[in-house]
Amino acid sequence: MEWVNAVVQGVLLGGLYALLATGLSLSFGVMRLVNLAHGDLGMLAAYLSLVSVSMVGIGPLESLVVVVPAVMILGYVLQRGLLNFTLRGGVLPPLLVTFGLAVIIQNALLTMFSADSQGLDAGPIETASLAITDQIAVGWLPLLTLAVAVGILVALQLVLSRTGLGRALRAASDDGEAARMVGINNRHIYAVAMAIALGTVAIGGIFLGIRTTFGPADGPARLIFAFESVIIGGLGSLWGTLVGGIILGISQTVGGQISPAYQLLAGHLVFLVILLLRPTGLFALPGAREA
Amino acid sequence: MTAASQRVASRFRVQWATRTSRLATGLGVVLFAGLATLPAWGEGGTLRLLIEFFGLLAMAQMWNLLAGYGGLVSIGQQAFVGIGAYGLFIFTDLTSLPVLPAIACMAAGSVVIAIFTSLFAFRLRGGYFAIGTWVIAEVFRIVASNVRELGAGTGVSIASLVRMDATERLELTYWLALGVGFGSIVLVTLIMRSRLGLGLAAIHDSEVAAAGLGVNVLQTKRIVYVIASVGCAIAGSVLYLQLLRIQPVAAFSVDWTVKMIFIVVIGGLGRIEGPIIGAIVFIAMRELLADYGSAYLVALGLVMIVIVVLAPRGLWGLLTSRWSIALFAIRRRLVER
């Protein structure tokens, strides 16, 4: 029974990983940009939530209303003012710039908040759970996280398939030059994509901050989980990212059930095996281009 | 070759050296000889600083070979720093070999490991290759943290080296570091003059065109990855001759790769001169600004971003933007006989 429980908890953890991964997948899909500061920007959101909790006195879940738009604006400005300039010179510049950004964010957080681990206190919802059987209880918070992840993916899917913005995003993704020729302002569209990407990772960062304690150096680990979810799921597939997150989540909880020391290792190994056997991931869209 | 093209070809030959490169080589030899005598008259502190300098220089040369020449951005080279460190421990303490054979055995082992990890990493491209190499380094860190023979999470001290006479160890480490530092420069120069380097240059300009001309793109990149990784492992083991205490978190820390990237980007990506300038600037900045702690790292990150966006060829590129100076003879020129 505890194994079934591990799988259930893994599925729920997958919701969190999908939240972290969606933005990484989106920014890669639209502008072929692998943002190495992605995890650190999620941590930045968690710290911003911490600040608004202590300064305004709202709960971390309420702080989403403030922090997410703030991080989205940051994403727009970052893309428009910096990252757009790195996209023309090949593979290296965007990687080096976002890596520099990651180092800056980590050390700025370290200077401002010290290396102590912090936590976001969301009140009774953190421990409340729904008993399914005697031995399996599903926490409301992980359930909410998964629901939010699914909600965001549905919303993103609708935006991409039904709106003018979505059309522009898909056009810029398929062929940036051609999109420009038919009058799409790529620089703006890329910035909007980065705003959405960072908005989703901000939500992920805050939910993560409620779930566990966090520190200024945690960004890279979040980036790695997000990346593993994207690759397991398959490049270019939004729903694949959710499945990838869930597979990673289950691998970690089941590995942790074997021995706590193997929690992270099990996730990495499942990722590496899938990479070896099915390098395009489980749900790669036909024609999804590689970096 | 037709008779006509043979006639034309016979009138030309390929020349490598320039006056600058001959001068630079001469100065390099003099500098190497001078630095080799340093243990006889230099202070211990200077030796220790230079050990770090040459170790980081070698790692940065290897990262530059990988990313600057090979186009493979790895943020997982710390895997091989850790392998160098633990390999040194395994072959000196557990199998009681002297230092040099121990490093040779470690290097041989890391060839196998690099080929094995390339099977995974080369399934990914571009930015995802970068994160993939990082995952691989994490796997090594977690494994080392769980193996009791390697000291698990707390790590190990290399006991046989701790017992060694301190002066003797310092001098040996210094000479090895000097050799690794200069050796990395010679190695990259030779690679760029070889068939492999020609293939790399072609791939750098256009992967498709290079493949069309018969360059085996994947194999060329894999060879470069293995060379750069083994070189990094050797440099890592030399640095750990000085550090002596190996902890999984520190040995497999991404900070190693952060340093390599800073050095290469600040000095000049894709130029042999780049890591040399970069390592000098990096060590100087750290000696001057280390007291500022993490604020100093924020500044380094900013400098890196500014350089990538505004001066993508680094400090060496800025210095040589007016004059075309090349200290290393890696460019083929056709001259009339």
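In what order do the elements of chain A run from the N terminus on? The order is α-α-α-α-β-β-α-α-α-α-α-α-α. That makes eleven helices and two strands in chain A. The model is predicted.

Start with the overall form of chain A. Its C-alpha trace spans about 60 × 50 × 35 Å along the principal axes. The radius of gyration is 19 Å. A compact globule of 291 residues would have a value near 19 Å, so chain A agrees with that expectation. Burial comes next. Of the 291 residues in chain A, 52% are buried. Then consider the contacts in chain A with a separation of 6 or more. Residues 24 or more positions apart account for 75% of these.

Now turn to where the two chains meet. Chain A gives 37 residues to the contact, and chain B gives 36 residues. Which helices of chain B each supply at least two residues of the side that touches chain A? They are helix 6 (99-121), helix 7 (126-146), helix 14 (255-267) and helix 16 (294-310). By class, this side of chain B holds 27 nonpolar residues, six polar and three charged.

Next, look within chain B. Two packed helices are described by the angle between their axes and the distance between the axes. Take helix 9 (residues 166-193) of chain B and helix 12 (residues 217-243) of chain B. Their axes lie 9 Å apart, and the packing angle is about 160°. Angles over 145 degrees count as roughly antiparallel, and helix 9 of chain B and helix 12 of chain B are therefore roughly antiparallel to each other. Their crossing is left-handed. Helix 9 of chain B makes the contact through Thr173(B), Leu176(B), Ala177(B), Val180(B), Ser184(B) and Leu187(B). Helix 12 of chain B contributes Gly231(B), Ile234(B), Ala235(B), Val238(B), Leu241(B) and Gln242(B). The contact of helix 9 with helix 12 of chain B has eight nonpolar residues, four polar and no charged ones.

Finally, pick out one residue of chain B. Val249(B) sits in helix 13 (residues 248-251) of chain B. How many other C-beta atoms lie within 10 Å of Val249(B)? There are 13. A residue counts as buried at 20 or more and as exposed at 12 or fewer, so Val249(B) is partly exposed. From Val249(B), look on to Pro312(B), 63 residues apart along the chain. The C-alpha atoms of Val249(B) and Pro312(B) are separated by 32 Å.

How values were computed. Residues are numbered from 1 along each chain as its sequence is written. Chains are lettered from A and ligands numbered from 1 in the order in which they are written. This is a predicted model: local features need pLDDT of at least 70, side-chain atom pairs count only at pLDDT 80 or more; totals for chains, interfaces and linings use all residues. Two residues are in contact if their C-beta atoms, placed from the backbone, lie within 7 Å. Helices (H or I, at least four residues) and strands (E, at least two) are DSSP runs, numbered from the N terminus. Ala, Val, Leu, Ile, Met, Phe, Trp, Tyr, Cys and Pro count as nonpolar, Asp, Glu, Lys and Arg as charged, and the others, Gly among them, as polar. The radius of gyration is taken over C-alpha atoms; the globule rule is 2.2 Å times the number of residues to the power 0.38. Axes are lines fitted to C-alpha atoms, for helices over the stretch in contact, and angles run from 0 to 180 degrees between N-to-C directions. Angles under 35 degrees count as roughly parallel, over 145 as roughly antiparallel, 65 to 115 as roughly perpendicular and the rest as oblique. A crossing is left-handed if the near helix is turned anticlockwise from the far one by less than a right angle, and right-handed if clockwise.
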